[in-house]
Structures are given as C-alpha cells and as structure tokens.
Amino acid sequence: VQLQASGGGLVQAGGSLRLSCAASGRTFSNYVMGWFRQTPGKEREFVAAISQRGGTIRYANSVKGRFTISRDNAENTVYLRMNSLKPEDTAVYYCAAANYLSTVPGPYNYWGQGTLVTVSS
C-alpha cells in the first residue's frame, strides 16, 4: 500500500493542525494505521494507532487528550487531529500501515514520506 501524508506546517503553541494520510494500492480497511514522529537524532516515536474498523485506538501518553486519530475507510484516509500543540510536538510525522496494532515501528510494513510539523513558542 502506498501512503501519502499531508497537512503539516508551522503553528503557534496552543494551535491545532490536522494531518491526513491517503492510501492507495491495496485494501485500506485491511490495515491497522498508525502515526509516528521523529526528530533529528532520535528514534521514531509512536503517536497513535487505530484498528481496521476503528474499534481500538491507542495513544502515546504524551499526546493523550490532545490528539485524535480517526479513519475513513470509504475515503482510504487516516487523520490525526492535533490540538493544544506544544513546541515539543515539533517533528516529522509519518503514517504507517500494519497487519496488527502495535505501538512500535517494527510491525508497520508500509510508511508514508512524512510531513513536518513545527510548533513555535
């Protein structure tokens, strides 16, 4: 499956952004979808994941209550709504697809190209 992430940009602290990840090539609804983020010199960090039908969702503690992951299987798209953004949320955000839900990158076989989110203080 091919993944195309979009929606990143520059936002002030306290602001909001919505990331999108459009999928093509395989049956989107067969895959768990996840969002990860990475800053220079650090490992890729789990942000959120959603099961194939959306019934199971997981968040990193650092974003719980501020970020919301959702998916639209009819549109082959997964979203990440980010509210109350903080400077420490600054990173390149990646969407990814896996056969089962995981909070680590290993099981995710397909990755988008990443979209940069910059939060200014």
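Asp89 and Arg37 form a salt bridge in this predicted model, with their closest N and O atoms 2.9 Å apart. Asp89 sits in the loop between strand S8 (77–82) and strand S9 (91–98) and Arg37 in strand S4, so the contact ties together parts that are 52 residues apart in sequence. The salt bridges come to three in number. Strand S5 (residues 45–50), which pairs with S4 through five bridges, is the other topic below.

**Salt bridges**

- Asp89 also meets Arg66 in a salt bridge between side chains, at 2.7 Å from N to O.
- This second pair links distant parts of the chain, 23 residues apart: Asp89 is in the loop between S8 and S9, and Arg66 is in the loop between S6 and strand S7 (67–72).
- Arg37 has a further salt bridge, to the side chain of Glu45, with an N to O distance of 2.8 Å.
- Shared partners join these salt bridges into one network made up of Arg37, Glu45, Arg66 and Asp89.

**Burial of the charged residues**

- Asp89 has a relative accessible area of 1%, which means that Asp89 is buried, as the cut-off is under 20%.
- Arg37, at 6% relative accessibility, falls under that cut-off too and therefore counts as buried.
- Glu45 has a relative accessible area of 34%, so Glu45 is partly exposed, a class that lies between the 20% and 50% limits.

**Strand S5 and its partner S4**

- Five of the six residues of S5 are buried, so the strand is mostly covered under the 20% cut-off.
- S4 (residues 32–38) and S5 run antiparallel and are joined by five bridges.
- Within this pairing, Met33 stands opposite Ile50 in S5.
- The hairpin of S4 and S5 has six residues between the strands, and Gly41 takes a positive phi near 80° there.

**Strand S5 and its partner S6**

- S5 is also joined to strand S6 (residues 57–59), by three bridges, and the two run antiparallel.
- Ala48 stands opposite Tyr59 in S6.
- S5 and S6 form a hairpin with six residues between them.
- Gly54, in the turn of that hairpin, has a positive phi of about 90°.

Note on methods:
Residues numbered from 1 in each chain as written. Predicted model: local features only at pLDDT ≥ 70, side-chain atom pairs only at ≥ 80, totals over all residues. Heavy atoms only, no water. Buried < 20%, exposed > 50% of the residue type's maximum accessible area, 1.4 Å probe, protein only. Helix = DSSP H or I, 4+ residues; strand = E, 2+ residues; numbered from the N terminus. Pairing = 2+ DSSP bridges. Salt bridge = Lys/Arg side-chain N within 4 Å of Asp/Glu carboxyl O.
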